[in-house]
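Take a first look at this model.

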Amino acid sequence: MRMSTRSNVSPKENTIKQSQQPLENAENCARLAESATDEPSYNRYKRMEAAWRALAEEQDWLDGKVHPLRSNSGA
């Protein structure tokens, strides 16, 4: 039996939004921060959220979805 090396995911589906997973991780960190029981945990989750959002923004830039001189943060 010969196995195909092709993926079942079309190239268009694969490139739709690669930043989606980091954005979902950021949202999860935001929820965890809101349910944190102490300040160090809250701060840790907020830093993780910011890092995931930065990664998603960079992925959008790499994918050409965001102009290199424009930032989503508004700065």
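Ser 19 sits in the loop that joins helix H1 (11-15) to helix H2 (20-34). Helices here are DSSP runs (H or I, at least four residues), numbered from the N terminus. This is a predicted model: local features need pLDDT of at least 70, side-chain atom pairs count only at pLDDT 80 or more, and totals for chains, interfaces and linings use all residues. Residues are numbered from 1 along each chain as its sequence is written, and side-chain values use heavy atoms, with hydrogens and water left out.

Two residues can be set side by side.

| Residue | Place | Relative accessible area |

What does Ser 19 contact, leaving aside its neighbours within four places in sequence? The partners are Ala 56, Gln 59 and Asp 60. Contact means heavy atoms within 4.5 Å.

Now the helix pair. H2 and helix H3 (residues 39-62) pack at an angle of about 165 degrees, and their axes are 8 Å apart. Axes are lines fitted to C-alpha atoms, for helices over the stretch in contact, and angles run from 0 to 180 degrees between N-to-C directions. H2 and H3 are therefore roughly antiparallel, a term for angles over 145 degrees.

Residues of H2 that meet H3 include Pro 22, Leu 23 and Cys 29. On the H3 side, Tyr 42, Met 48 and Trp 52 are among them.

Asn 28 and Glu 49 are 21 residues apart along the chain, and their C-alpha atoms are separated by 7.9 Å.

Key: Helix = DSSP H or I, 4+ residues; strand = E, 2+ residues; numbered from the N terminus. Parallel < 35°, antiparallel > 145°, perpendicular 65-115°, else oblique.
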